[in-house]
Amino acid sequence: MSHRQILEALSGLLLVLFVAMISSTIVSVALPQIIGALNGTQSQYTWVITASLLASTASTPIWGKLADLFSKKLLLQISIVIFMVSSLACGFAQNTAQLIAFRAVQGLGMGALQVLVQVIIAAMISPKERGRYNGYLGGVMAVATVAGPLLGGLIADTSWLGWRWCFFVAAPFTVVAFALLHKTLRVAVVRRDDVRIDYAGAVLIAAGVSVLLIWVTFVGNSFDWLSWQTAAMAGGGVLLLALATWVESRVAEPVVPLKIIRRRTPALAILASLAVGMAMFGGSVFLGQYFQIGRGYTPTQAGLLTIPMMLGVLISSTVSGRMISRSGRVKPYIVTGSVVLTVGFLVLSTIDHQTSLLLIAAAMLLVGAGVGMSMQNLVLAIQNTVPLRELGAASGAITFFRSLGGTIGVSVLGAVLANRVATGIAEGLAKAGIPASGTGGGRSTLNIQALPEPIKEIVRAAYGDATGHIFLVSAAVAVVGVVAALFLKPVRLRDSVDLPATSEADERVATAH
């Protein structure tokens with residue numbers, strides 16, 4: 001494909017990626033209104049988010065592997081249809097049970113679109129040139145991550161639209177993207193006669209990950225850390241993943257090839273991506289909540305206040321992508337990004353309900369810059385070390401682990417936040433001489449305006465002061481990403497789309513390293 005043909009196809013790919021990513025953030029601000037309109041409970045509120053994350057995370061490696069076996073363009077078109085139909089279904093949901101089920105199907109489409117777009121870009125463009133285009137990819141992700149809550153707040157607050165349009169808005173964009181890709185996308189189809197799909201491995205991985213994520217979601221709230229539920233769910237999840245590892249080591253076409261993730265660069269890149277995943281998901285979720293609950297800003301104002309993080313990702317991903325294409329070196333930018341990300345989290349760990357907005361903006365800018373320099377470049381580092389036939393599986397693996405890190409991060413940080421908020425509310429009420437029975441309302445509702453004035457201020461202060469603690473945890477996780485990035489093997493990006501043919505002996509050596 002010529003440069004012009006690549007840009008034409010890339011416009012459709014970026015459009016569909018933007019819609020898929022923004023659908024996961026656009027409902028975050030509008031969710032209280034959605035659950036209220038459908039008469040849902042607090043646990044159902046959680047599952048509207050968790051259902052899509054579970055389905056997206058568990059299905060990502062499967063879609064990546066399918067991209068190695070079938071037509072990448074056809075798979076992308078199928079995933080667009082799945083995503084569009086499920087988005088419309090979410091908009092027409094009549095109760096929370098229907099919404100949760102449709103969100104799970106939407107998660108399947110979201111997971112597919114996110115990994116297939118990266119696989120197709122890698123199949124079209126050589127690693128040497130891919131850094132420049134990955135800058136556009138990182139920019140789209142940045143805008144979708146931060147603009148989603150702002151757009152969701154505007155839609156929900158507009159009387160002639162309403163919350164259902166948070167789901168309907170995806171339909172026209174997906175139709176345009178489908179038509180554009182049908183016309184412009186040209187990806188060679190490599191048909192293989194020995195295609196074998198690892199159904200057992202796919203089911204075991206999906207089941208094991210789902211059980212563990214369900215456990216992380218509810219532990220500390222519905223049951224204790226030390227309980228029979230924890231033993232059953234955590235033990236069951238680990239057992240399922242152990243069985244999946246055994247299956248993956250024996251089948252001919254594994255969903256997640258162990259020979260890829262055992263290599264030095266993919267293993268370290270996956271470890272670093274866990275920290276980036278926590279930053280990408282946790283930052284957008286809890287900063288938005290901090291501005292609304294801890295500081296009293298409206299959803300629209302909260303979205304505007306998170307713009308510095310978006311700018312950080314946008315500028316750093318674009319600049320680093322172009323510099324990597326020019327120099328051919330990717331490790332220095334990943335290391336720098338990991339360090340900047342850690343520093344940003346450390347600054348955010350100092351905030352409370354009265355912290356200067358300028359300091360918070362500076363910290364968010366650092367977090368965004370760190371994500372922009374490391375997120376897509378970690379994918380690039382892995383893609384540069386695997387042959388074309390393993391590209392889908394490798395891209396799917398790192399996307400999977402990044403999503404897994406984000407999902408676990410949101411759950412764990414949410415549990416830490418809830419415990420700190422409960423303690424803060426109890427201390428605030430005791431200091432003010434208000435009966436402890438008032439804590440129930442403060443902890444069970446996010447509708448702060450409905451609380452009495454004295455309790456309202458106590459709840460705001462508790463949320464604002466507790467937020468710093470979760471970013472201290474994030475900083476500790478980000479340090480692990482720094483260590484992993486430092487041990488990455490320095491490589492220069494190759495000019496060819498595929499690696500030179502290697503013998504079995506060479507491949508064993510590569511696996512060992």
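I began with the angle classes: under 35 degrees counts as roughly parallel, over 145 as roughly antiparallel, 65 to 115 as roughly perpendicular and the rest as oblique. The model I opened is predicted, so local features need pLDDT of at least 70, side-chain atom pairs count only at pLDDT 80 or more, and totals for chains, interfaces and linings use all residues. Residues are numbered from 1 along each chain as its sequence is written, and side-chain values use heavy atoms, without hydrogens or water.

**Entry: H14 and H15**

I looked up helix H14 (residues 331-348) against H15, and their axes come within 7 Å and cross at roughly 150 degrees. H14 and H15 are therefore roughly antiparallel to each other.

**Entry: H13 and H15**

Next I checked helix H13 (residues 307-327) with helix H15 (residues 357-383): the angle is about 40 degrees and the axes are 7 Å apart. That makes H13 oblique to H15. Contact (heavy atoms within 4.5 Å) involves, among others, Pro-308 and Gly-312 of H13 and Ala-361 and Met-364 of H15.

**Entry: Ser-52**

Where does Ser-52 sit? I found Ser-52 in helix H2 (residues 42-69). Ser-52 has a relative accessible area of 2%, so I noted Ser-52 as buried (under 20%; exposed is over 50%, partly exposed in between, with a 1.4 Å probe and protein chains only). Leaving out residues up to four places away in sequence, Ser-52 touches Arg-103 and Gly-107.

Key. Axes are lines fitted to C-alpha atoms, for helices over the stretch in contact, and angles run from 0 to 180 degrees between N-to-C directions. Helices (H or I, at least four residues) and strands (E, at least two) are DSSP runs, numbered from the N terminus.
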